[in-house]
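Take a moment with the model below before reading on. A short walk through a few of its parts follows.

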Amino acid sequence: MSELPEGWLAVKLTEVCELNPAKPKSNQLASNLPVTFVPMAAVDAESGTIANPTIREYSAVAKGFTSFQENDVIMAKITPCMENGKAAIARELSNGFGFGSTEFHVFRSSAAALPEYVFRFIRQESFRKSAEANMTGSVGQKRVPASFLNECDIPLPPLAEQRRIVAKLETLLGKVNACQQRLAKIPLLLKRFRQAVLAAACSGKLTEDWRDKHSDVQSSSQNNHHPNIVSGLFETPESWDWKTLESFCTYVVDCPHSTPKWAETGYICARTTNFKPGLLDLSEVKFVSEETYRERVERLTPMPSDVLYSREGGILGIACIIPQEVELCLGQRMMLMRTNASYLSPLLMHWLNSPEILKQVRDLTGGSASPHLNVRDIKSFPTPRPSLAEQHEIVRRVEAFFNLADQLEARYQKAKAQVDKLQQSILAKAFRGELVPTEAGLARREGREYESAAALLARVREGKAADALLKSSRRLKREHS
């Protein structure tokens, strides 16, 4: 604030905005007047808009809710909504009035500041971080106090410059938002790409050219079954045979059903929250003591390359593999599979994560309030088996495509971070006076006068004083009449 552009002025936010203005008087609105109702969930943090308001009668919301009017700026004051950026300009309110959550702060701009200018100011990450640092209350119920907003400074440009800043921000941030929307489609496209790779791998289409070059490859078994009879899923090459999953495993065992006794350090205990399709994510782990570890591996000690499978809960049907050089025990709601010499464990993992098996899992558990699979269900899964040589080729190709997807995802994450940073960089430049030509500079070049922020604020204050004097005079006349 010490190096503001010429013609700007550092002021308190409440010098240009009325904070949390009073509700309309009880006789000001008819009881059945339709007004807009805005719960916290109706404010979209990404777009900064009121996305899904409802209409209620004034009498239903007159008490117990925060009130605001057309063009007021509302901002969430409670954690984590405030940190997430829940704020909006109240627009297109029914009859010009709105009511909403008591967890909103309301800013009503004076003639010295445009609502759009105030809104963009509080959307800055720097503002939100400062507000977060000044929150009061208990954990989970922290709020931005009005005292912080009363002492908050805002850089105030001349009014004409505010209009240019707002217009420029609308243009630039609109382009940033369009870029963010396009980027937001990439994760879904990558997910579909991975699913398509798995579908092609498990149907034999991924290695169709390989089989043409290796026509001497024979069936893995002399007991072939027609896939439509055994699996009911899809057609596979004639050289593949179908059996139950159990036929290709040395072990298919359930995990312990008891809740582990956690420890500060010790052995890693895998949880289903660590499961991602094709990956056991151990970036965040919990530990058990050596005694608890021995108890949980008494039936079967998990080994690297074993397949873990989530059989219950919100991530039902996700398979991953224990990495090399990792010693762990198992938590709840999962099972372990150890393939025999005729089947590669990565291929089994890919098969379990394929769209076809996931559909079968949904069919088995559909309609259940608490979906789960038991070991019997898993053991009976129809499973195709290519020759061992083709299994290696399938795994190699799937991993190559997945590596490509991982590279694209890393580029997406980098691009997203840059675009997100760009948004805040544009806002910072706007409030440093670097986004558009200053009104002072334009006035000099055009040989004209201009109204500085100081003059603007003085004029608005004089107008307020005159209005207050007029209201006081009218009140006195009514009292003496």
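The paragraphs below go from a sheet to a lysine and then to a serine.

The model is predicted. Start with the sheet. Four strands form an open sheet in the order β6-β3-β10-β7, and their pairing is mixed. Strands β6 (54-57) and β7 stand at the edges. Each has a single partner strand, so one side of each is left without a neighbour in the sheet. From one strand to the next, the twist averages 40 degrees.

Now take the pairs one by one. Strands of a sheet pair through backbone hydrogen bonds, either parallel or antiparallel. β3 and β6 are antiparallel, with four bridges between them. Here Phe37 stands opposite Thr54 in β6. Strand β3, residues 34-38, also pairs with β10, this time in the parallel sense over three bridges. Next comes strand β7, residues 66-69, which runs antiparallel to β10 and is joined to it by four bridges. Gln69 stands opposite Phe97 in β10.

Stay with β10 for a moment. In a regular strand the side chains alternate between the two faces of the sheet. Which residues of strand β10 lie on one side, and which on the other? Phe97 and Phe99 are on one side, while Gly98 and Gly100 are on the other. All of these are buried, and both faces of the strand, residues 97-100, are covered.

Move on to Lys23. This residue lies in the loop between β2 (17-19) and β3. Is Lys23 buried, exposed or partly exposed? Its relative accessibility is 36%, so Lys23 counts as partly exposed. Residues up to four places away in sequence aside, Lys23 touches Ala62, Lys63, Gly64, Phe65 and Ser67. The Lys23 side chain reaches the backbone oxygen of Ala62 at 3.1 Å. The backbone oxygen of Phe65 is reached by the Lys23 side chain at 2.9 Å. Ile78 is 55 residues from Lys23 along the chain, and their C-alpha atoms are separated by 21 Å.

Finish with Ser452. Look for this serine in the loop between α16 (439-446) and α17 (453-480). Which backbone nitrogen does the side chain of Ser452 reach? That of Ala455, at 3.2 Å. Setting aside neighbours within four places in sequence, Ser452 is in contact with Gly7 and Pro158.

Note on methods: Residues are numbered from 1 along each chain as its sequence is written. This is a predicted model: local features need pLDDT of at least 70, side-chain atom pairs count only at pLDDT 80 or more; totals for chains, interfaces and linings use all residues. Side-chain values use heavy atoms; hydrogens and water are left out. Helices (H or I, at least four residues) and strands (E, at least two) are DSSP runs, numbered from the N terminus. A polar contact is a pair of N or O atoms within 3.5 Å; within protein, one must be able to donate a hydrogen and the other to accept it, and residues adjacent in sequence count only if both atoms are side-chain atoms. Contact means heavy atoms within 4.5 Å. Buried means under 20% relative accessible area, exposed over 50%, partly exposed in between (1.4 Å probe, protein chains only). Two strands pair if DSSP finds at least two bridges between them. Axes are lines fitted to C-alpha atoms, for helices over the stretch in contact, and angles run from 0 to 180 degrees between N-to-C directions.
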